[in-house]
Amino acid sequence: MFVARMLVVGALLWPGVAMAADQDKRALAEEMLTLVNGQKMIDQTVQQTSVMMQQQLKAANIPPDMQPAVDQMSLELVSYMREKLDWAKLKPQFVDLYMDVFSEEELRQVVAFYKSPGGQAVLNKMPQLMQRSMSMIQGMMADMTPHLQETGARMQKQIEEKRQQPK
């Protein structure tokens, strides 16, 4: 009888224990997002995308009479991105994502790492590392572009020749 009562009590308490564990895990996921500057990363992404879009528009040599309409559309796109990538909306989704992907122990370890001097160095230097990596890759892509274009032209020629052959 005692064992049966303990099982009933345990079954009644288990959801509370599970909820507390989920709350601990959620707190760790939120702390991790804070440590990695999740909101700042999203804001920077929107800003960088806006800058790239402006650069591409400048390179497009848009006729002067179309420039006001293009500028307006550009503003609308950036506004739309800011609305869709609003941190208040994204944060709960990122927390859930981190909770799904990482175990509680992994979150503890990652949080501890990001709090360490080495983890802080990674966080502080990651933007510089990413920027330099992107520059390196862009340089490589520039070197590859002529070959890719030549290969694409050869493929297109072969396709056209194949289409012109009698069936």
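Predicted model: local features only at pLDDT ≥ 70, side-chain atom pairs only at ≥ 80, totals over all residues.

Me: OK, which residues make the nonpolar surface patch?

Reply: Met136, Ile137, Met140, Met141, Met144 and Leu148 make it, and the patch covers about 560 Å².

Me: Zooming out, what does the secondary structure come to?

Reply: Six helices and zero strands. From the N terminus on, the order is α-α-α-α-α-α.

Me: And how much of the protein is made up of buried residues?

Reply: Buried residues are 16% of the 167 in the protein. The protein exposes about 13,300 Å², with carbon and sulfur atoms supplying 62% of that.

Me: What about contacts between residues at least 6 apart in sequence: what share join residues at least 24 apart?

Reply: That share is 80%.

Me: Switching to salt bridges. How many does the structure hold?

Reply: Five. One of them is Arg26 with Asp96, where the closest N and O atoms are 3.0 Å apart. Arg26 sits in helix α1 (residues 2-35) and Asp96 in helix α4, so this pair ties together parts that are 70 residues apart in sequence.

Me: Which residue does Glu104 meet in a salt bridge?

Reply: Arg108, at 2.5 Å from N to O. Both lie in helix α5, four residues apart, about one turn of the helix. Glu104 is partly exposed with a relative accessible area of 21%, and Arg108 counts as partly exposed at 39%.

Me: And Arg163, which partner does that one have?

Reply: Glu160, with a 3.2 Å N to O distance. They're three residues apart in helix α6, so about one helical turn separates them. Arg163 is exposed, with a relative accessible area of 61%, whereas Glu160 is partly exposed at 30%.

Me: Back to α5. How far does it reach from its first C-alpha to its last?

Reply: 16 Å, for twelve residues (104-115), which is close to the 16 Å expected at 1.5 Å a residue. Leu107, Val111 and Tyr114 are buried there. Seen down the axis of α5, the buried residues fall within an arc of 65°, so they line one face of the helix.

Me: Where does Phe102 lie, and what is it in contact with?

Reply: Phe102 is in the loop between α4 (87-101) and α5. Leaving aside neighbours within four places in sequence, Phe102 is in contact with Lys25, Met32 and Leu107. Phe102 is partly exposed, with a relative accessible area of 25%.

Me: Last one: Ser74, buried or exposed?

Reply: Buried, with a relative accessible area of 3%. Ser74 is in helix α3 (residues 67-84). Setting aside neighbours within four places in sequence, Ser74 is in contact with Met53, Gln54 and Leu57.

Note on methods
Residues numbered from 1 in each chain as written. Heavy atoms only, no water. Helix = DSSP H or I, 4+ residues; strand = E, 2+ residues; numbered from the N terminus. Expected span 1.5 Å × (residues − 1). Buried < 20%, exposed > 50% of the residue type's maximum accessible area, 1.4 Å probe, protein only. Arc of directions from axis to C-beta. Contact = heavy atoms within 4.5 Å. Patch = residues over 30% accessible without salt bridge, like charges linked within 9 Å, V, L, I, M, F, W, Y side chains within 5 Å. Areas by Shrake-Rupley, 256 points an atom, 1.4 Å probe, with all protein chains shown as cover. Salt bridge = Lys/Arg side-chain N within 4 Å of Asp/Glu carboxyl O.
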